[in-house]
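Hi everyone, thanks for coming. Let me put the sequence and the model on the screen, and then we can walk through a few places together.

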Amino acid sequence: MVTSSVPRLVVAAPSSGSGKTTVATGLMAALAARGLAVSPHKVGPDYIDPGYHALATGRVGRNLDAYLCGPELLAPLFLHGARGCDIAVVEGVMGLYDGAAGQGELASTAQVAKVLRAPVVLVVDASSQSRSVAALVHGFVSFDPEVRIGGVILNKVASDRHEALLREALESVGVPVLGALRRAAQVATPSRHLGLVPVAERGAAAVEAVAAMAAQVFDGCDLEALVSLARGAGALPGAEWDAAAVVGGPSLPGTRPGRPVVAVAGGPAFTFSYAEHGELLAAAGADAVTFDPLRDEQLPPGTAGLVVGGGFPEVYAAELSANEGLRKEIAALAESGAPVAAECAGLLYLCRELDGRPMCAVLDATARMTERLTLGYRDAVAVSDSVLAGVGTRMRGHEFHRTVVEPGAGAAPAWGVLAPEKRVEGFVERGVHASYLHTHWASEPGVARRFVERCRTS
């Protein structure tokens, strides 16, 4: 059996808002500054935190989602991302034991920690408490004996006196304190309707924020103890995930005759994508070329297919609308029957208009912002044959938006949502597959193979 002994740890918290993103990102950056090759990972479907992780480490941030990909893919995807690294840091999601609603530990940070056999560092918001911190930590340590909590980092500590009281209280629990961080305004990252503002939109400000996180962790945490804890994780059995193997063909880098060009939307308006999608497209025989719909007036030369993922087109509606030449080229590409895959933000961009501003008009639908947040995992089945999936293909997805598209489905819907409620949604028209659902193609690599094959033949 293949095994790997990459040092690793999971940064978790009792609840959201405790500071785990600050600690995890700062720890990644501090370790990278010491010359270590750090592999960054994020539990759950979140696209934004991995951008900060990538900035901190110089390596692409990767997600570990047991709901979207299945628990059996957690270790292989982790090992794939961590190849050649000195240490891996996994940032958790929500509270340590919180996962998919009503499904026990599924998709929780605790489940990931157990599958990866990784020790957990619990980040505790210590504001407004002293001795009670011991009861809190004791509860998290004893709740699931299979989860190994290897240490605590105290966040938002008010003073030296406050820190001393907290450390004294935690002595009775037997969990070492690996750090104590004071409040620091410079590490705060701005938020808006869907969470943190992505790195791509902040430029130098994001670099400064990550540097401040690193400095805070470097000053307040015992880095040697954290590295030692990670090195004690032991061997992790299993083979790493390989894109070429799962799509059934070799990965051939570089542009060459016979490899269709797949244009992939990027830039500040379209920042949501999983790294494995590009790897799967390449393994299936395509050249994925990123372009920026805010600035590029044309699609990449030779474009045979188009992928438009998630992001914030509502924030950039005026600029996207003003790029009329690109909008018309995308409409012509779709009209030709070329494969087009659009998720969430991509769906909005393909609509006739967004908040009253003209978009690509590929779909006879309109989109607008609302106050209502739509959030959660979805079980879905393909109900129309498309460039991504044949009828009956089962996939799991995730919705996360404050917009509405009217109508919500076309004459040929993309998906039949099976849970938590039954409905149809999305659009399949010519070579277009457009939907609100974010999916992870590693769970169904045939999606990438099918898309690239259609690019060759359309």
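One term before we start: a residue is buried when its relative accessible area is under 20%, exposed when over 50%, and partly exposed in between, using a 1.4 Å probe and protein chains only. This is a predicted model, so local features need pLDDT of at least 70 and side-chain atom pairs count only at pLDDT 80 or more, while totals for chains, interfaces and linings use all residues. Residues are numbered from 1 along each chain as its sequence is written, and side-chain values use heavy atoms, with hydrogens and water left out.

Let's begin with the cysteines. Cys85 counts as buried, at 12% relative accessibility, and Cys221 is buried too, at 10%.

Cys344 lies in the loop between β15 (340–343) and α15 (345–350). Helices (H or I, at least four residues) and strands (E, at least two) are DSSP runs, numbered from the N terminus. Is Cys344 buried or exposed? Buried, at 6% relative accessibility. Leaving aside residues up to four places away in sequence, Cys344 touches Phe400, His401, Ser435, Tyr436 and His438, contact meaning heavy atoms within 4.5 Å.

Now for the helices. The axes of α1 (residues 20–33) and α9 (residues 204–220) come within 7 Å and cross at roughly 85°. Axes are lines fitted to C-alpha atoms, for helices over the stretch in contact, and angles run from 0 to 180 degrees between N-to-C directions. The residues of this contact divide into eight nonpolar, five polar and no charged. Here Ala, Val, Leu, Ile, Met, Phe, Trp, Tyr, Cys and Pro count as nonpolar, Asp, Glu, Lys and Arg as charged, and the others, Gly among them, as polar.

Helix α9 also meets α2 (residues 49–57), and their axes come within 10 Å and cross at roughly 75°. Which residues meet there? Tyr52, Leu55 and Ala56 in α2 meet Ala206, Val207 and Val210 in α9. That contact has six nonpolar residues, no polar and no charged.
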